[in-house]
Amino acid sequence: MLILFSLTLFVSAFLLFCVQLMVAKMILPLLGGSPSVWNTCQFFFQATLLVGYGYSHLTTKWFGVRRQSIFHIILLLLPIVFLPITLAKGWLPPHEANPIPWLLALLGFSVGVPFFVVSTSAPLIQKWFAGTDNPAGSDPYFLYTASNLGSMLGLLSYPIFIEPNFSLTRQSWLWAAGYVILLLLTVSCAVYLWKSKKGELEIEGSVSAAKTAGETLTRKLQIQWILLSFIPSSLLLGVTTYLTTDLAAIPLLWAVPLALYLLTFIFTFARKPVLPHNTLVTLLPLLLAPLIILSLLKLIQPLWLLLPLHLLVFFLITCVFHGNLARTRPSAKYLTGFYFWISFGGVLGGLFNAIAAPVLFPTVLEYPLLLLLSLLLLPNAGFEALKQQPEAEIKNSSVSNSSRRNIFLISIGLLTGALLIGLDFQNFPANLLGIFLSCILLFVIYDAFNIGKTRLGAGFALILMLSQFSLGSLGGVLYTERSFFGVNRVVQDRHSKYHSLLHGTTLHGKQSLDPERKKQPLTYFHPSGPVGQVFNSLNSAQRLSKVAVLGLGIGTLAAYSEPGQEWTFYEIDPAVEMLARNADYFTFLTDSKAPFSVVLGDARLRFLEAPNNYYDIIVMDAFSSDSIPVHLVTREAIQLYFSKLTSQGLLVINISNRYINLEPVLGTLAENLNLATLKQLDRDISPAEKAAGKSASHWVLLAQNRQDFGKLNNDPRWQSMPKSKDVPLWTDEFSNIFSVLRLKEQTKP
């Protein structure tokens with residue numbers, strides 16, 4: 001019986017996480033690889049999970065577990081109508097409006113019903129197990145470990161095993177087969193429940209393993225559960241956005257925080273504590289204070305230190321908060337209600353980060369803000385007293401209350417001093433609503449956990465300083481614009497010689513303020529660099545009439561325009577177009593010698609609208625925080641681009657980035673499509689060139705015939721790409737980023 005119930009929970013959790021990743025992969029060609037896409041999907045799945053937990057709680061409360069099990073078996077048949085899972089046909093994202101409502105509706109129509117039904121398993125199966133004759137039924141929470149193990153395996157096996165070996169179509173059918181297995185396992189659990197002599201669940205007088213004081217759930221305890229799940233959920237999305245936007249734009253890096261998040265549930269809900277809870281509560285402030293400062297300063301080096309540090313602190317904080325959830329779990333009588341409030345807190349965390357934060361804060365401020373709230377809550381005595389601690393843990397505690405207080409005061413002092421250095425109250429109006437809601441959240445924490453008036457006042461002051469900390473006075477930030485696709489900053493260097501556009505930590509263009517050099521393309525697009533050589537060659541041969549550029553940036557490539565040409569820029573982020581057109585910051589578009597237009601929306605989708613055999617050259621510079629969206633470099637995508645090119649047209653791709661070597665991928669695609677290739681890695685930049693604004697760059701040219709490259713064929717700086725070995729062909733169905741994930745020697749932008 002124990003194996004059956006554990007296996008059922010394991011399979012349900014495995015399916016739950018596989019379908020999340022599978023659907024996110026399906027959505028990728030529609031919205032690209034922005035962290036906001038994943039955060040919005042996470043919010044949808046959390047909200048649907050809440051509905052599932054609410055169903056489990058209410059139906060068992062109204063019908064009792066026996067009658068409810070019959071009703072649930074009938075409900076399990078409903079998702080079969082929606083299998084195999086595919087995206088709703090004919091749904092295209094809005095080009096200029098916020099895509100969040102559209103994305104949520106698409107998810108609801110495509111995967112809402114199957115996900116809802118599977119999500120009910122975690123609390124229901126545990127509740128059913130509590131109603132059986134098994135001796136462990138009085139405390140079924142240990143089964144939550146089996147559920148989280150399934151989640152972990154689903155999360156890790158998808159990118160490593162499932163995605164590289166199975167197309168999306170086969171994945172959908174395999175998931176449907178897995179659902180049938182889950183249905184059979186669930187029916188078997190229901191049979192055991194009905195055969196049990198215990199009959200209708202009789203756990204009214206049961207006592208939880210953690211010996212919860214009393215059987216009445218107070219409103220205050222429920223608020224504590226919400227907050228204890230809200231903070232880790234918000235930190236999960238916050239650290240994901242921060243890491244993939246500001247620190248290291250490595251594709252699928254978001255899977256690492258999620259895996260750590262699941263691992264904390266496994267550790268904290270185990271029968272025996274795995275980590276020293278009290279020691280973590282004491283020592284974490286020493287890590288939290290400097291981490292808040294590092295996140296505000298947006299330091300990105302050394303990566304080998306900062307990346308593990310952020311992940312380690314996130315893991316330890318989540319362990320502490322989830323540990324307190326495990327300590328305060330009620331008896332099995334209130335099991336479904338307990339999981340409902342945990343899920344409710346998770347949804348609030350997703351709502352705060354995915355929906356509210358981009359509106360409330362012009363930068364990714366939600367991450368350091370939640371770190372601050374965690375710091376204020378950690379060393380509180382009332383926080384530990386949520387539940388009586390095991391005597392062994394009290395005896396083994398290596399820290400005293402005075403040590404804990406001293407460590408906390410030192411951390412708060414360091415944080416306060418650092419925040420005072422960067423105060424800039426010019427940001428106050430932009431952050432006013434966010435400050436107000438953050439203070440309300442702090443007051444709720446104060447009321448629920450009795451953190452004390454002194455800490456409440458200090459919290460209000462720190463929130464104000466945190467929200468007014470600005471890199472504008474430190475790093476020359478002139479303007480910040482946050483959209484669904486990330487945070488864009490216009491920066492002026494210390495000597496006022498250049499304006500630059502940064503997306504996260506990735507440079508998307510630089511322009512000189514010197515009137516004599518204002519029209520000169522810089523960075524990756526320097527005239528002496530690869531793309532400059534291409535345009536100089538084609539313009540001198542008068543081969544260009546229609547030009548398409550995938551990715552606008554600040555419009556630097558418009559500097560190569562000539563009279564009589566027609567240029568079209570494709571850009572997914574409306575905020576980028578707004579900044580590129582603002583002559584106060586950048587003037588490449590204003591100074592363009594040829595008429596141009598900007599087409600908003602995902603480049604691949606909008607490219608379908610272009611006439612066939614129309615463009616003489618297509619330049620792809622569609623970076624998303626240092627990584628090219630995978631769906632733009634598949635076989636189908638390359639075929640689409642060449643259908644829009646003239647017979648002698650060139651496809652020019654900028655693959656300059658710090659983390660992924662895309663050259664083998666394009667080499668495999670070119671070989672499969674019988675295309676001619678040239679490549680150039682321009683990394684030997686002299687000090688004089690670097691001072692003049694040139695950056696190292698890596699470019700690839702594709703054409704139908706080698707003679708289409710013209711004079712570049714005889715240029716020794718350009719070489720043919722060798723045949724790629726052991727690199728799978730990227731298609732819309734097979735485009736696993738892990739197959740070519742290689743860290744490269746960093747080149748400074």
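This is a predicted model: local features need pLDDT of at least 70, side-chain atom pairs count only at pLDDT 80 or more; totals for chains, interfaces and linings use all residues.
Figure 1. Helix α23 covers residues 663-673, and eight of its eleven residues are buried, so the helix is largely enclosed by the rest of the structure. The buried residues are E663, P664, V665, L666, G667, T668, L669 and A670. They pack against α22 (635-644), β9 (645-654), β10 and β11. The helix lies across β9, β10 and β11, and runs at about 5° to β11.

**Figure 2. Strands β10 and β11.** Strand β10 spans residues 676-682 and strand β11 spans residues 697-703; the two pair in the antiparallel sense over seven bridges. Within this pairing, K679 has V700 of β11 as its bridge partner. Six of the seven residues of β10 are buried, so this strand is largely enclosed by the rest of the structure. Strands of a sheet pair through backbone hydrogen bonds, in either a parallel or an antiparallel way.

**Figure 3. The seven-stranded sheet.** The strands of this open sheet follow the order β7-β6-β5-β8-β9-β11-β10, and their pairing is mixed. Which strands lie at the edges? They are β7 (596-600) and β10, each of which pairs on one side only. On average, neighbouring strands of the sheet are turned by 15° against each other, direction ignored.

**Figure 4. Strands β5 and β6, with helix α20.** Strand β5 (residues 546-550) pairs with strand β6 (residues 566-571) in the parallel sense, over five bridges. The bridge partner of V547 in β6 is W567. Helix α20 (residues 574-581) packs on the sheet and touches β6 and β7. The direction of α20 makes about 155° with that of β7.

**Figure 5. An aromatic cluster.** Ring pairs join F535, Y560, W567, F569 and F596 into a cluster. W567 is also the residue in β6 that is the bridge partner of V547.

**Figure 6. The ring pair Y53 and Y339.** The structure holds 27 aromatic pairs. In the pair of Y53 and Y339, the ring centres are 6.2 Å apart and the planes stand at 65°, so the pair is edge-to-face. Y53 belongs to helix α2 (residues 35-76) and Y339 to helix α11 (residues 335-360), so the pair ties together parts that are 286 residues apart in sequence. Are these two residues buried or exposed? Both Y53 and Y339 are buried.

**Figure 7. The nonpolar cores.** The largest nonpolar core has 148 residues. Those with the most contacts inside it are I27, V111, W128, W175, Y179, L415 and L419. Helix α1 (residues 2-31) supplies the largest share of this core, 16 residues.

**Figure 8. The surroundings of W128.** Neighbours within four places in sequence are left aside here. Which residues does W128 then contact? They are F5, V65, Q68, S69, H72, T186, C189, A190 and L193.

**Figure 9. The protein as the setting of these views.** The secondary structure comes to 24 helices and eleven strands. Of the 749 residues, 61% count as buried. Among contacts between residues at least 6 apart in sequence, 80% join residues at least 24 apart. The accessible surface comes to about 29100 Å², and 62% of it belongs to carbon and sulfur atoms.

Technical notes: Residues are numbered from 1 along each chain as its sequence is written. Side-chain values use heavy atoms; hydrogens and water are left out. Buried means under 20% relative accessible area, exposed over 50%, partly exposed in between (1.4 Å probe, protein chains only). Helices (H or I, at least four residues) and strands (E, at least two) are DSSP runs, numbered from the N terminus. Two strands pair if DSSP finds at least two bridges between them. Contact means heavy atoms within 4.5 Å. A nonpolar core is a set of buried Ala, Val, Leu, Ile, Met, Phe, Trp, Tyr and Cys residues joined through side-chain atoms within 4.5 Å. Axes are lines fitted to C-alpha atoms, for helices over the stretch in contact, and angles run from 0 to 180 degrees between N-to-C directions. Accessible areas come from the Shrake-Rupley method with a 1.4 Å probe; for residues, only the protein chains shown count as cover. Rings of Phe, Tyr and Trp (its six-membered ring) pair if their centres lie within 6.5 Å; planes under 30 degrees apart count as stacked, over 60 as edge-to-face and the rest as tilted.
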